[in-house]
Amino acid sequence: NRPVEVAGCPPAGFAPTGQLWGNPIYNWDYHKATDYAWWIGRLGYAAKLFDIIRIDHFRGFESYYSIPAKAATAEQGTWMQGPGYALFEQAKKQLGELHIIAEDLGNVTPRVRELLAQTGYPGMKVLQFAFDSDADNVYLPHNFETSHCVVYTGTHDNDTLRHWAETASKDEMRFARAYLHAESRQEVPNAMIRAAWSSIAELAVAQM
């Protein structure tokens with residue numbers, strides 16, 4: 001019961017040494033041999049409890065970051081192949097169509113995009129990520145390529161809208177106010193909710 005490898009994320013701008021979560025890596029060979037029975041049971045039970053299931057870290061089903069358990073940071077990890085579409089194919093076969101949202105944030109590669117398209121699940125757009133660059137930012141509502149997505153004002157990893165508006169940089173806030181037609185920082189939270197509801201996304205979520 002001592003893991004050899006654990007999960008995490010590689011180094012990035014906001015985490016120079018990466019993220020060392022420490023939770024065990026799934027034994028995908030075993031799951032495949034059991035037709036993903038554990039996952040089918042988990043998804044099936046979740047579907048009884050909730051109208052919609054959100055799968056965090058969806059990219060991990062295409063490839064996941066594996067770190068030696070004894071490592072002090074996430075810098076020595078390796079990308080490993082995930083189960084791909086086989087898991088979702090088995091879930092559809094045994095459970096039918098599930099209402100699933102895929103968290104396709106972070107280091108999303110073309111192969112992750114291909115897997116998302118194959119499943120048919122909607123991905124996520126987060127408005128708090130929309131104002132840190134320019135008009136080409138993929139999280140700006142006018143850049144949503146399809147309505148088959150879910151727009152969030154922020155996720156469980158984000159600040160509250162009010163505090164975000166109070167602490168965002170001058171450039172970020174200038175862009176947000178211009179884009180959202182908000183006359184002051186104080187108007188930005190409600191303006192972001194309005195932008196989410198006004199977008200073409202098929203579902204909008206404002207965190208409480």
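The model is predicted: local features need pLDDT of at least 70, side-chain atom pairs count only at pLDDT 80 or more, and totals for chains, interfaces and linings use all residues. Residues are numbered from 1 along each chain as its sequence is written, and side-chain values use heavy atoms, with hydrogens and water left out.

**View 1. Overview of the protein.** Seven helices and nine strands make up the secondary structure of the protein. Helices (H or I, at least four residues) and strands (E, at least two) are DSSP runs, numbered from the N terminus. Along the principal axes, the C-alpha atoms fill a box of roughly 60 × 40 × 30 Å. Of the 208 residues, 42% are buried. Buried means under 20% relative accessible area, exposed over 50%, and partly exposed in between (1.4 Å probe, protein chains only).

**View 2. The open sheet of four strands.** The strand order is β2-β1-β4-β5, with antiparallel pairing. The edges are formed by β2 (19-24) and β5 (78-81), each with a single partner strand, so one side of each has no neighbour in the sheet. Direction ignored, neighbouring strands of this sheet are turned by 50° against each other on average. Axes are lines fitted to C-alpha atoms, for helices over the stretch in contact, and angles run from 0 to 180 degrees between N-to-C directions. Two strands pair if DSSP finds at least two bridges between them.

**View 3. Strand β4 and its two partners.** Five of the six residues of β4 are buried, so the strand is largely enclosed by the rest of the structure. Strand β4 (residues 63-68) pairs with β5 in the antiparallel sense over four bridges. Across this pairing, Tyr64 stands opposite Met80 in β5, and Ser63 has Gln81 of β5 as its bridge partner. Strand β1 (residues 5-9) also pairs with β4 in the antiparallel sense, over three bridges. Here Ala7 stands opposite Ser66 in β4.

**View 4. The open sheet of three strands.** This sheet has the order β7-β8-β9, with parallel pairing. Strands β7 and β9 (203-205) stand at the edges with a single partner strand each, so one side of each is left without a neighbour in the sheet. From one strand to the next, the twist averages 25°. The pairing of β7 and β8 is parallel and runs over four bridges. Lys125 has Val151 in β8 as its bridge partner.

**View 5. The largest nonpolar core.** This core has 29 residues, of which Phe131, Trp164, Met173, Leu180, Val188 and Met192 touch the most other members. At least two residues of the core are supplied by each of β7 (123-126), β8 (149-152), α5 (161-167), α6 (170-180) and α7 (188-198). Helix α7 gives the largest share, five residues. A nonpolar core is a set of buried Ala, Val, Leu, Ile, Met, Phe, Trp, Tyr and Cys residues joined through side-chain atoms within 4.5 Å.

**View 6. A nonpolar surface patch.** Tyr45, Leu49 and Phe50 make a nonpolar surface patch of about 360 Å². Leu49 belongs to helix α2 (residues 37-49). Patches are made of residues with over 30% relative accessible area and no salt bridge; like charges are joined within 9 Å, and nonpolar side chains (Val, Leu, Ile, Met, Phe, Trp, Tyr) within 5 Å. A salt bridge is a side-chain nitrogen of Lys or Arg within 4 Å of a carboxyl oxygen of Asp or Glu. Accessible areas come from the Shrake-Rupley method with a 1.4 Å probe; for residues, only the protein chains shown count as cover.

**View 7. Two histidines with positive phi.** Most residues other than glycine have a negative phi. His57 has a positive phi, near 55°. His57 sits in the loop between β3 (53-55) and β4, and its relative accessibility of 40% makes it partly exposed. For His181, phi is positive and near 60°. His181 is in the loop between α6 and α7 and counts as exposed at 69% relative accessibility.

View 8. Pro16 and Ala74 are 58 residues apart in sequence, and 9.4 Å separates them in space, C-alpha to C-alpha. Glu114 is placed in helix α4 (residues 110-119) and is exposed, with a relative accessible area of 54%. Glu114 and Glu62 are 52 residues apart in sequence and 9.4 Å apart in space, C-alpha to C-alpha.
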